[in-house]
Amino acid sequence: MIVTTSGRADQYIIHMAQEIAHDLNMKYVKRNKQSVQELKHNYQDDLFVVGKNRIEYHLLFQESPLFFHPNSAMFRVKRLMKGDEDPFCSACNLKKGTTLLDCTLGLGSDSIVASFFTGSQGVIKGIEANEVLAYIVRKGLKQWETGVLELDYAMKRIEVVHNDHFTFLQMCSDNTYDVVYFDPMFEEAIESSEGLNPLRGVASYNPLSIEIISEAKRVAKKRVVLKDHWKSERFEQLGFEVFKRKSAKFHYGVIEISN
C-alpha cells in the first residue's frame, strides 16, 4: 500500500502523510498532480490519501473511498438528546457508567453512541481486525469536531484496538465488561445500505462461532448482544433471544448472563 497527500497539500499535511507511512510501514509517494486513479493504475496498489480534514482509503478495485465520518452516530445522538430511544442502547441495556466491548468496531457508529450514552464514567473499547481501518477510525475519533462538545468528548473516550476479537476475548479476564457486542457483516446484504459499500472491501468476514460466543459470555458481566439481518439464522444457532422490530431490516439478539 502507498500513502500520498490530497491535491493541494502544505508541509504539515506532507509531514503527516510521511508519519502515517512510517506508522503503518507503507511507502510514501509525492502526489505530483496525479489523480487517484492514475496513482492506483501506476502502482497497482491500494492508496492512502491524507488531507487536512480526513484520511481516505482507496482500494485498488473499488470506486468509492473509505473514510471516517460520525454521520449516522450524530443523527442518533441528536435523537437521544431529544429524549428518543435508540434500539441499540435498549438492546445493550446501556446506563451511565456501563462498560462495553464492541468486538466489530468498523467505522465506530455504535461505539460513539454508546460512549455518549454511558457518559464519562462509561468505558467503551472497540476491536477492529483490519489494521488500516483501525488506524483511520482511531485518528478520526480523536480529531473530528462535530460542533457538539459532549459528543466530541464521547468520541475521544473510545479506545480502539487492532486485533481479532476472538484472540482479544481469550486474553480478557472473566466478567471484564458489562456488555460484549457483535455487529458482523450481514450474511445477506441490505440493498439500501449504500453507505456501507466501501466498508465491505476491508471488513472481516470470519464467521461467528459457538467458541467465540462462549468466550464472550465468559467476559461479559450482564449480556452479550448480536445485531444481525432479520433473516439471519445465527440468532438461533448461537443461542440468542431475538428482539424483533416491526418492519426493521435487522434485529438484536441478547444472551443474558446470570452470575
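This report describes the sheets, the helices packed on them and the nonpolar cores of a predicted model.

## The seven-stranded sheet

An open sheet with mixed pairing is built from 7 strands, arranged in the order β8-β7-β6-β9-β10-β12-β11. Its edges are formed by β8 (159–162) and β11 (241–243), each of which pairs on one side only. From one strand to the next, the twist averages 25°.

Within this sheet, β10 (residues 220–229) and β12 (residues 250–256) run antiparallel and are joined by 7 bridges. His229 is placed opposite Phe250 of β12. Helix α5 (residues 109–118) packs on the sheet, where it touches β6 (99–102), β7 (123–128), β9 (177–182) and β10. The direction of α5 makes about 170° with that of β7.

## The five-stranded sheet

Another open sheet, also of mixed pairing, contains 5 strands in the order β2-β1-β3-β4-β5. Here the edge strands are β2 (27–28) and β5 (66–67), and each pairs on one side only. Strands β3 (residues 47–50) and β4 (residues 55–58) are antiparallel, with 4 bridges between them. In this pairing, Leu47 has His58 of β4 as its bridge partner.

Two helices are described against this sheet. Helix α1 (residues 11–23) packs on the sheet and touches β1 (2–5), β2, β3 and β4; the direction of α1 makes about 170° with that of β1. Helix α2 (residues 36–43) lies across β1, β2, β3 and β4 and runs at about 145° to β3.

## Nonpolar cores

The largest nonpolar core comprises 50 residues, among which Phe48 and Phe88 touch the most other members. Helix α6 (residues 131–143) gives the most to this core, contributing 7 residues.

Which residues does Phe48 touch, leaving aside those up to four places away in sequence? Its contacts are Met1, Ile2, Val3, Thr4, Ile20, Leu24, Ile55, Glu56, Tyr57, Val132, Tyr135 and Ile136.

A second, separate core has 23 residues, including Leu101, Leu169, Phe182 and Ile255.

Key. Residues are numbered from 1 along each chain as its sequence is written. This is a predicted model: local features need pLDDT of at least 70, side-chain atom pairs count only at pLDDT 80 or more; totals for chains, interfaces and linings use all residues. Side-chain values use heavy atoms; hydrogens and water are left out. Two strands pair if DSSP finds at least two bridges between them. Axes are lines fitted to C-alpha atoms, for helices over the stretch in contact, and angles run from 0 to 180 degrees between N-to-C directions. Contact means heavy atoms within 4.5 Å. A nonpolar core is a set of buried Ala, Val, Leu, Ile, Met, Phe, Trp, Tyr and Cys residues joined through side-chain atoms within 4.5 Å. Buried means under 20% relative accessible area, exposed over 50%, partly exposed in between (1.4 Å probe, protein chains only).
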